[in-house]
Amino acid sequence: MSQLSPVLSMVSPQESFGEFRDNGLRLDGPPSGLENVYDYEPGGHHPVHIGDVLNGQYRVVDKLGVGGHANVWLCRDVLQESTQYFAIKIIMADASFHECHELRVYRLLHLGLAKTDAAELLCLPVGRFDIHGPNGCHFAIVYPVLGPSISRLAPILKWEDSGKALRGRCSQAVKAMATLHSYGICHGDFRPANLLTRTKGLAGLSEERLAQAFGSSRTTKLVQVAAGQPWPASAPRYLVRSVNWDSQVSGDADFGFIDVGVCVADFGESFDANDLPEDLSIPQEYRAPEYILDKRLGIESDIWALGCTLFEIRTGRRLFDTVDDDPDEHLARIVKMLGKFPEPWWSTTWEARRQYFDDETNIDGRPVSLDWWSGDVEQAGQKPARVPHSIEDALTRTTLHDAHHTMSRDEVLLFSDLLRRVFRYTPEKRISVEDILEHAWFRI
Ligand SMILES: Nc1ncnc2c1ncn2[C@@H]1O[C@H](COP(=O)(O)OP(=O)(O)OP(=O)(O)O)[C@@H](O)[C@H]1O
């Protein structure tokens, strides 16, 4: 979910209050990978401890992830005789309101997607309940348990032919989007972080065995800044670090609980292709130029994000990596790689263009970048340009020194051909998701 509630949409707690938000607690350890301590207050996260039973049915066994507006807990269904695990996403109280974006996933259920062959490619909810706690009322959505993001697989799995395996994951990603598009739904936030792997072998596994597999004592205590106060009901006694999937794959060919199939999650930004939103919270790197420049969204902007995602899955690198999510730098990187924008974008719409490129192109028709642009030191004659000047160049560079993502010259050419069809500036000329699936790159 990437949507912001009225209260939580404030830029950052620090900026909004002019000082650090403080609930009187601090972590007794490093904060990396943990939710914000100050989000444990009315309107924020529900305080959870390992062993808590949610809704009289789900015992919390571990933590699966931390998002902008929710924590995801690994829970065992205590009402079932056989051991079954679920992922329970508990949304912050201030984000648990009727139009909560997380609930958009139910549109997929209403359309009957759970009954299609493609259902296993989509992370669909299997239940829902509310939690009334000290910080308010929280939506809790029950999902199947998924594994790590697809983009982390290549370095941690020891595939014999990682090229083939990664193209297979790409094909599943395309099929998932093709299914959504065939139902008139755009995902809206299609990117590797929202493409998780499925899991296997969890059903029937004891909690002890699970704890052994993921390791215990991944908690960090919370302590009170001013000692002697009563412990606030709004906060847990400790925060829990999310499961470390790497521990599941450090061994041999057995990938532990990870099933390498792709499952698309997070439909919080999804929209109806016939009822387009004005805004989207997809991160800058995956935004199509027509959205950045014209605020135009549609099936084609989903396909642009899919192209970025395919590149990232296959190469392990971001295609358009920007510093500080700067839209102008992003556009400059796109132009550097794909060429001059059409009018009126080039001369009028993109106001900052003259900070990056000359008006005229060179004799090859390529845009001439201004030499002081920090993203491109080509003209200083010192180091090679840091920004790739074509898709082919990007593919060659990113895979050159990375054993997990090496590509043959033939594959570079075929994959560049596919991506050039994806990254057409005119949205209507962009390749459709069905035609992507037919491309020769998938048949290498
Ligand atoms: N079904 C699931 N199974 C296992 N892990 C999950 C599942 N759903 C989410 N996660 C993990 O929890 C993390 C947080 O989930 P998610 O990104 O959906 O939260 P969010 O608050 O909606 O995020 P944001 O608003 O930042 O996009 C994910 O990055 C993922 O690692």
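Me: Let me start with a rule: a residue is buried if 20 or more other C-beta atoms, placed from the backbone, lie within 10 Å of its own, exposed if 12 or fewer, and partly exposed in between. Is Leu-437 buried, partly exposed or exposed?
Reply: First, a friendly note: this is a predicted model, where local features need pLDDT of at least 70, side-chain atom pairs count only at pLDDT 80 or more, and totals for chains, interfaces and linings use all residues. Residue numbers start from 1 along each chain as its sequence is written. Leu-437 has 14 other C-beta atoms within 10 Å. That count falls in between the two cut-offs, so Leu-437 is partly exposed.

Me: Which helix holds Leu-437?
Reply: Helices are DSSP runs of H or I with at least four residues, strands are runs of E with at least two, and both are numbered from the N terminus. Leu-437 lies in the run covering residues 433-438, which is helix 12.

Me: Which residues does Leu-437 touch, leaving out those up to four places away in sequence?
Reply: Two residues are in contact if their C-beta atoms, placed from the backbone, lie within 7 Å. By that test, the partners of Leu-437 are Ser-171, Val-174, Lys-175, Ala-178 and Phe-442.

Me: Which residue of strand 12 is the bridge partner of Thr-220?
Reply: Strand 11 (residues 219-224) pairs with strand 12 in the antiparallel sense over 3 bridges. In strand 12, the partner of Thr-220 is Leu-239.

Me: What is omega for the cis peptide bond between Glu-343 and Pro-344?
Reply: Pro-344 sits in the loop between helix 8 (327-338) and helix 9 (345-349). The cis bond that joins Glu-343 to Pro-344 has an omega of about 5 degrees.

Me: Is Asp-325 buried, partly exposed or exposed?
Reply: Asp-325 belongs to the loop between helix 7 (299-315) and helix 8. Although not a glycine, Asp-325 has a positive phi of about 55 degrees. Because 11 C-beta neighbours lie inside 10 Å, Asp-325 counts as exposed.

Methods:
Pairing = 2+ DSSP bridges.
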